[in-house]
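Subject: Handing over the structure

Dear colleague,

I am passing on the structure that we talked about, and I would ask you to open it beside this message while you read. My notes on what was found in it come after.

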Amino acid sequence: MAARNLICSAVLICVSIAAAMSQENKPIAGIHGLAIDDKDISKLEVMALDGDGESAHRLALHYQMVQPNRKLAIQWATVSAENGSLHGQYMVGFLLRDDPDSKNRRRARFWLSRAANAGYDLAAQLLRELPNE
């Protein structure tokens, strides 16, 4: 189980960095490239709340890997998912998959299924690995 979680974490980091790189069209040096300064956080929040899934995804990545805050990472990953981002759908599913609350694990399955049905292969793979509840 611990090895699977480590592998899943590595996959999330790789996928997230690739998504951020493609959005910004510039190379990223480690997680520091995912850092967002305070003035840009406010701009991204407005864009995310107005429906931009990738802005919400960038915020989720920031709060997952740069300035760790699980609650905010899940909040922005959920906004990203709701805004239609496949990266966001995968990320919120990934973050909630091992949650102690069975309702959150159920939502993880929902978001992973949605991303998998849209062709997101990593979501389909993670969905197959989840235990049946």
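This is a predicted model: local features need pLDDT of at least 70, side-chain atom pairs count only at pLDDT 80 or more; totals for chains, interfaces and linings use all residues.

The pLDDT averages 83 over the chain, and 76% of the residues score at least 70. Helix α1 (residues 2-24) has the lowest confidence, with a mean of 48, whereas α4 has the highest, at 98. Over residues 17-29 the pLDDT is below 50, and this stretch has 16 contacts in the model beyond near neighbours in sequence.

The overall plan

The secondary structure consists of seven helices and zero strands. Of the 133 residues in the chain, 41% count as buried. If we take the contacts with a separation of 6 or more, 51% of them are between residues 24 or more positions apart.

The largest nonpolar core has 34 residues, and those with the most contacts inside it are Leu-59, Trp-76, Tyr-90, Leu-95, Leu-112 and Ala-123. The elements that give two or more residues to this core are α2 (38-49), α3 (53-66), α4, α5, α6 and α7.

A closer look at helix α6

How far apart should the ends of α6 be? At 1.5 Å a residue, the 16 residues of this helix (residues 102-117) should span 22 Å, and the end C-alpha atoms are 22 Å apart in the model, which agrees.

Which residues of α6 are buried? They are Ala-108, Trp-111, Leu-112, Ala-115 and Ala-116. These residues cover an arc of only 135° around the axis, which puts them on the same side of α6. The spacing in such a list makes sense because an α-helix has 3.6 residues a turn, so residues three or four places apart point the same way. What covers the buried residues of α6 includes α4 (70-82), α5 (86-96) and α7 (121-129). On the face turned away from the buried side, α6 carries the exposed residues Lys-103, Arg-106 and Asn-117.

At the N-terminal end, Asp-101 caps α6, with a side-chain oxygen 2.8 Å from the backbone nitrogen of Lys-103. Just after α6, Gly-119 takes a positive phi of about 100°.

Two single residues

Phe-110 also lies in helix α6. Its relative accessible area is 31%, so Phe-110 is partly exposed, a class that lies between the cut-offs of 20% and 50%. Although Phe-110 and Gln-89 are 21 residues apart in sequence, their C-alpha atoms are 8.9 Å apart in space.

The side chain of His-62 reaches the backbone nitrogen of Ile-36 at 3.2 Å. Not counting residues up to four places away in sequence, His-62 touches Leu-34, Ala-35, Ile-36, Ile-41 and Gln-67.

With best wishes

Note on methods. Residues are numbered from 1 along each chain as its sequence is written. Side-chain values use heavy atoms; hydrogens and water are left out. Helices (H or I, at least four residues) and strands (E, at least two) are DSSP runs, numbered from the N terminus. The expected span of a helix is 1.5 Å times one less than its number of residues. Buried means under 20% relative accessible area, exposed over 50%, partly exposed in between (1.4 Å probe, protein chains only). The arc is that of the directions from the helix axis to the C-beta atoms. Contact means heavy atoms within 4.5 Å. A polar contact is a pair of N or O atoms within 3.5 Å; within protein, one must be able to donate a hydrogen and the other to accept it, and residues adjacent in sequence count only if both atoms are side-chain atoms. pLDDT is the predictor's confidence in each residue, from 0 to 100. A nonpolar core is a set of buried Ala, Val, Leu, Ile, Met, Phe, Trp, Tyr and Cys residues joined through side-chain atoms within 4.5 Å.
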